Amino acid sequence: RLSRFVVPESNKVDLSSETVFFETSALEYDHHNSGDIEFGVDGNMWVTVGDGGSTWTAVSNNPGNLLGSMVRLTLDGDIPADNPYVGDADAVRCNVNGVPPDGSAPGAKCLEIWATGLRNPFRFAIDPNVQDKVRFYVNDVGQGLWEEISEGGTDFKDVDYGWPAREGPCPNNRIENCADVHPYTDPVHFYIHNNGGSVTGGTFVPNGIWPEEYNGAYMYADFVFGKIYVLKDVGLPGCITCNPPESGMQVTEFTEWFQIVNMDFGPYRDTQALYYTGVYEIRRVSYVGDGNRSPDAIILAEPTEGPVGTTVMFSGAGSNDPDGDGLTFQWDFDGDGVVDSDEGNTYFTYNAAGLYLVSLTVNDGNGGSHTTTIEISVGNKPVPVITSVQVGATFAVGDVITLTGMATDTENGQLPDPALTWEVRQHHNTHYHPFLLPTEGNDIELPPAPEPEDYDAATNSYLEIILTATDSDGLSDTVSIDVQPRMVLVNFETIPTGLQLSLDGTSVKTPITATTWENHNLRVDAPDQLIGGIGSQAYAWSSWSDGGNQSHTINIPPDTGVTETYVAEFIDFFGTFPLDGQSLHPADCPPFSLGIVTNTAELRSGQTFESTQCNVYAEQRNDGNLVVSKGTPANPGDVIWESGYVGPEGDYFTWTLGNSNLITFQGVPPDAIGDVVFQTQTLDVDQDQTYYLGIDCTCTVVVVMQGTPEVPTQNVVWQSGPFPDPGDIPTLAPSAFDPSATIAPTLCLPGSLGIVAWQYEIAQGQVFINSNFEVYTEQQTDGNLVVRQGTPDQPGDTVWESGHSGEEGNYFSRALGNGNLITYKGTQPENIEEEVWQTGTFEDEGLFFFGIDCSGNVGVIEGTPEQPGDFVWQGVSVTVVPTMAPSKVTASTTAKPSLYSDTGTPASTPTKDDDIDSFSKPPTLDRGPTQAPTSSLFVGDLSTRATSSAFSKRSIGLVVSFFVILLSL
């Protein structure tokens, strides 16, 4: 909820003055439940809203839901006239419950929304150095891999930042293959949060208040890492093809402090200072240049608690002044505001029970001072006991726990219930979420026990129950008990094995044994997927062993000692169908035509073809996408299937060729045929036959049929696979090509031979089979890389070989990020002995793969198997096998690319990525200075370490904040 309150002269919020500006829909979880508020130079209010943990329902990408969005309102809560959906006939206010009201048009959008696709936009900061428009950075806390900072403002109207389809610069849950074309707005900076991480506070440095090197800089904090960083754009290029990608921004460490939640610049004397808020205090960093810097007050006390009559020894001798000035001391031992001592080392006897706040103020004689405090507890503390929950207790999702306890005190006996304060924390990895805020009383019933925040959280989350008792003297003590979830192991498999599944939004490779919680509704998805690029396999989901839909939830039963197994079965929708010559269609139900017939018709941009038998129609869109939908062009329904290609607006047409290949070209036939943008890649049937695009008798499966609609042969040569939920529209194209590529209009694009830069390689003794081209690649144990026709079981002629023949041993080949195909001796990556063969192409850094074209030519190709470009090196097809290596590599004679040291070995050893069972090392780019500027404070110990001559840093008290506009949980 976003509300406005009135603060009268009493400086106390008038709760009765609340005006509600909007409320969201009910949250799926108890986190990502609000965000931040800023006021722009455009006179409007900007508000970030989290997704409520709604990864499964993908609300962040929905302009009809306020969750996961940037909201923009006037200061009275109205809609600014230039918001993105103003003027849209179906756009409505969503201020009542965060979604369009009942009766709104299907697909109605929320007028409040400025941008979408955010996950947990915890804080954002407007750039004060830009006055002609609103510009800000959003700190969006990540999930599985990435933290990200995105740019927003008036230049970023109606953008989608990508969550949950993307995280950081990559598709969700990925750190490689991130250079894909997509419609989302990538972050300006991102970093991997290994073992935790949470980008929280952030602020721009106002120009002119700090040294020039800070002009234009952005400062951000990571709650988990406990550091503040300075981020600056110094014009360096990023590297999206690196593994992992790099943003190109210059990042320097500024200081260390734990659990920072907010940062801002605010007034200080005649300038501004940086204020940052931790969990317990506000701290200030000011730039003083050559002026006087304030001292640091430090208290040592022994003991800090004891019975009535205890004498406590105090020392301020550890206090210091960064300018070396002499210090004077002022002690207040009992919190009455009266100076009790002016000695550096002193003592005080406490003759009455109570909790005393002792303060020490040190002065440097030049106007600088600092005060610090410490608590002294005198008397007998109460003894709290949690009685309703025992040590070792566990919970299942949905369990209701009642908090009951007691406390006794020597002077007061058993304390009354109002003396008890309960708090419950939901720990997750290295941080926690409040599950119950501090609450006084007893016999308190908690909300139902939570589900894990995400897939990984199931292994590192638990509840901590905390009880604090306070007696009549103000003395208190605290006890706590950890309550662990009841974990359950569940097996997941696929047929065929090794495919990807999504568990609670995280992609996993099968087979896998997943850890989850009893009674958790585990969200599972079996996405349609392309494995290995062109020339490999693509799969469509067929069924789950439990009978569930492609995407569904599994309620996890108690652990019985027997591990349940769930199997997702897929069918191969890439290649010739059906298998073994069997038709999927009964003789009395031939497929119905969808209007594309070889040599007699094609479907062009803007055209449609209706099949009245199935009440569906095919459409060739002017972005190249071939779409089959239910209904009619005048009354369209759900999409049944699409090729998935989305390119620039223009002319496209689709044919079924005489080789059974369904293919979409740019251009207009027959005189202006351009690039291939999509094809089914069947290419293995008699060229003299006729084929057509149809839909089977179930009206759900798109097929390429042999014959004609009038005389079908019942031979299905390709099919899309059944997709029972038309609301989930997968991209079924086995390939999507850059329209500027120079491959088309051939009918057969290069296929991978199993070696892709920074992702895959072939090790000693391994083979890679490309069934489309009926060839296989083999890394032999003498270092020779060979491409042969046939299969390892039935080898044919050698198409090409590198020609290296060395001593028997371990070898592996890979395509480097500079276009060089290279074979190493050794085991990757731990023991690389030498390079034994290379193509020596040394092109610009990028993505490359080893492939074969439709004429049998072997070479290194720029791009990826999914998006191939030009050959940068090409072998020669051979019948008698000569030595084809263009060079034999030795350290003394071979020119090394930039990735290599002068010794002939990689400058940086690749690192293993267990998830993809391959090795990866990106090109190294110069990211600029890694040390802070000479005038900056860049590490944090307030008392002694790294205090620069130019900065003064100070703790200025406990956090006490009042907001005129509040976000309620």
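**Labels and their cut-offs**

Mentor: In this predicted model, Cys94 and Cys110 form a disulfide with their sulfur atoms 2.2 Å apart. Residues are numbered from 1 along each chain as its sequence is written. Local features need pLDDT of at least 70, side-chain atom pairs count only at pLDDT 80 or more, totals for chains, interfaces and linings use all residues, and side-chain values use heavy atoms, with hydrogens and water left out.

Trainee: Why is the pair Cys94 and Cys110 called a disulfide?

Mentor: A disulfide is a pair of cysteine sulfur atoms within 2.5 Å. The sulfur atoms of Cys94 and Cys110 are 2.2 Å apart, so the pair meets the definition. By this rule there are three disulfides.

Trainee: What makes the disulfide of Cys94 and Cys110 left-handed?

Mentor: The torsion about its S-S bond is about -90 degrees, and therefore the disulfide is left-handed. The link of Cys170 and Cys178, with 95 degrees about the S-S bond, is right-handed. The link of Cys239 and Cys242 is right-handed too, with 90 degrees.

Trainee: How do you know that Cys170 and Cys178 are joined by a disulfide?

Mentor: Their S to S distance is 1.9 Å, which is within 2.5 Å, so the disulfide counts. For Cys239 and Cys242, the sulfur atoms are 1.9 Å apart, and this pair forms a disulfide as well.

Trainee: Why is Cys94 called buried?

Mentor: Buried means under 20% relative accessible area, exposed over 50%, and partly exposed in between (1.4 Å probe, protein chains only). Cys94 has a relative accessible area of 1%, so Cys94 is buried. Cys110 is buried at 0%, Cys170 is buried at 0%, and Cys178 is buried at 3%. Both Cys239 and Cys242 are buried.

Trainee: What makes Phe258 partly exposed?

Mentor: The relative accessible area of Phe258 is 42%, which lies between 20% and 50%, so Phe258 is partly exposed. Phe258 sits in the loop between β16 (250-256) and β17 (262-268); strands are DSSP runs (E, at least two residues), numbered from the N terminus.

Trainee: How do you know that Arg135 and Asp127 form a salt bridge?

Mentor: A salt bridge is a side-chain nitrogen of Lys or Arg within 4 Å of a carboxyl oxygen of Asp or Glu. The closest N and O atoms of Arg135 and Asp127 are 2.7 Å apart, so the pair qualifies. Arg135 is buried at 18% relative accessible area, and Asp127 is buried at 6%.

Trainee: Why is the pair Glu453 and Arg119 called a salt bridge?

Mentor: The N to O distance is 3.8 Å, which is within 4 Å, so the label holds. This pair links distant parts of the chain, 334 residues apart: Glu453 is in the loop between β34 (444-445) and β35 (461-470), and Arg119 is in the loop between β6 and β7 (121-126). Both Glu453 and Arg119 are buried. By this rule the count comes to 23 salt bridges.

Trainee: What is the predictor's confidence in the protein chain?

Mentor: The mean pLDDT (confidence in each residue, from 0 to 100) is 79, and 79% of the residues reach 70 or more. Over residues 532-536, pLDDT stays under 50. Over residues 957-969, the pLDDT is also below 50.

How values were computed
Helix = DSSP H or I, 4+ residues; strand = E, 2+ residues; numbered from the N terminus. Contact = heavy atoms within 4.5 Å.
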